[in-house]
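Open the model in your viewer and keep the selection tool at hand. This tour goes stop by stop, saying what to select and what is there.

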Amino acid sequence: MALDVSRGTDIAIVGATGKTGRAVADALDGIALVRRLSRSAQDYPVDLETGAGLVEAFTGCRGVYFIAPNVHPDEPALVLRALDAAASAGVDHVVYHSVAWPYSPRMPHHMDKARSEEDLRAFCSAHGMHWTILQPCAYAQNFEAVLDGSSSDLAVPYSLDSKFSFVSLDDVAEVAARILVEGADIHHGSSYELGGPEILSVRDTVRLVETMTGRAVSVESIGVDEWMNLHSTGLGTDAQQRLSAMFEYYNDRDFLASGVVTAALLGRSPTPMRALIR
């Protein structure tokens, strides 16, 4: 991939300290000059709630990759604040990290991403900026501890038989890097749904681990309230409600996304779950 530097050089990653932001920044390493932005970043500290530091951090960047904090109570406000700063800084191309099936009324944080997508399109059109949207399915790495053998126990707050098109985080990061480097001339106006190459349930995933490694994995479906008691330390009420709505959705609905676009953007087949088992 060759970087087009006609409109600035650097690429800014908003949310660079999270697992997705780190993966995208790592995928760009050696290809582009990357600015890793977060509240705690030493070089480029920013505050998405106030917009402090964003214009300075974006100045001299040709592209911005925006990842909001997980289940934030008002993601559209963060997106518009970042877009305003990007326009002021002269950024040409904004890539927004959304989610597969953004318009899902039963999942409030998905609906916020649907609103953010619409705001992105409208803002960029009004300000002569280019945009691209990525809509990944659930990450295969959500089960990293079971895949790598560091844990032999798994409990999820939804049906073990709900089906997903789990996509590798590394594949999503590679796609993001390609889009940011190839730029707006190729990817402007595109919304890319990113799924994995197969449809699996949690039960299928565990069976695959057991078959390939000989390890026994204990897996169970627990109630949402029980899961929250175990894992929601530090989460506010709104975040808990958003996660609960998502888990309740998964409990009686599959969450699928095609791997066709993923494959086309990667130039290869997406990574199957079996390749992540160690």
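**Stop 1: the rings**

Select Trp101, Phe143, Tyr158, Phe164, Phe166, Trp227, Phe247, Tyr249, Tyr250 and Phe255: ring pairs link them into a cluster. Rings of Phe, Tyr and Trp (its six-membered ring) pair if their centres lie within 6.5 Å; planes under 30 degrees apart count as stacked, over 60 as edge-to-face and the rest as tilted. The structure holds 11 aromatic pairs.

Before moving on, note that this is a predicted model, where local features need pLDDT of at least 70, side-chain atom pairs count only at pLDDT 80 or more, and totals for chains, interfaces and linings use all residues. Residues are numbered from 1 along each chain as its sequence is written, and side-chain values use heavy atoms, with hydrogens and water left out.

Which parts does the pair tie together? Trp101 lies in the loop between strand 5 (93–97) and helix 4 (108–127), and Tyr249 in helix 10 (residues 237–252), so the pair joins parts that are 148 residues apart in sequence. Helices (H or I, at least four residues) and strands (E, at least two) are DSSP runs, numbered from the N terminus.

Is Tyr249 buried or exposed? Tyr249 is buried, with a relative accessible area of 5%. Trp101 is partly exposed at 25%. Buried means under 20% relative accessible area, exposed over 50%, and partly exposed in between (1.4 Å probe, protein chains only).

**Stop 2: helix 4 and its partners**

Select helix 4 and helix 10. Their axes are 8 Å apart and the helices pack at an angle of about 100 degrees. They are therefore roughly perpendicular to each other. Pro108, His109 and Asp112 of helix 4 make the contact with Arg242, Ala245 and Met246 of helix 10. Contact means heavy atoms within 4.5 Å.

Axes are lines fitted to C-alpha atoms, for helices over the stretch in contact, and angles run from 0 to 180 degrees between N-to-C directions. Angles under 35 degrees count as roughly parallel, over 145 as roughly antiparallel, 65 to 115 as roughly perpendicular and the rest as oblique.

The axes of helix 3 and helix 4 come within 9 Å and cross at roughly 20 degrees. These two helices are therefore roughly parallel. Among the residues that meet here are Val79, Leu80 and Leu83 in helix 3, and Ser116, Leu120 and Phe123 in helix 4.

**Stop 3: helix 1**

Go to helix 1 (residues 19–28). Which of its residues are buried? They are Thr20, Gly21, Ala23, Val24, Ala25 and Leu28. These buried residues pack against strand 1 (10–14), strand 2 (34–38), strand 4 (61–66), strand 5 and helix 6 (169–182). Just after helix 1, click Gly30, which takes a positive phi of about 85 degrees.

**Stop 4: two single residues**

Pick Thr262 in helix 11 (residues 260–266). Thr262 is buried at 1% relative accessibility. Beyond its neighbours within four places in sequence, Thr262 is in contact with Val175, Glu193, Leu194, Gly195 and Pro270.

Finish at Asp153 in strand 7 (residues 153–156). Asp153 is exposed, at 52% relative accessibility. Not counting residues up to four places away in sequence, Asp153 touches Val146 and Ser218. Its C-alpha atom and that of Ala216, 63 residues apart along the chain, are separated by 8.9 Å.
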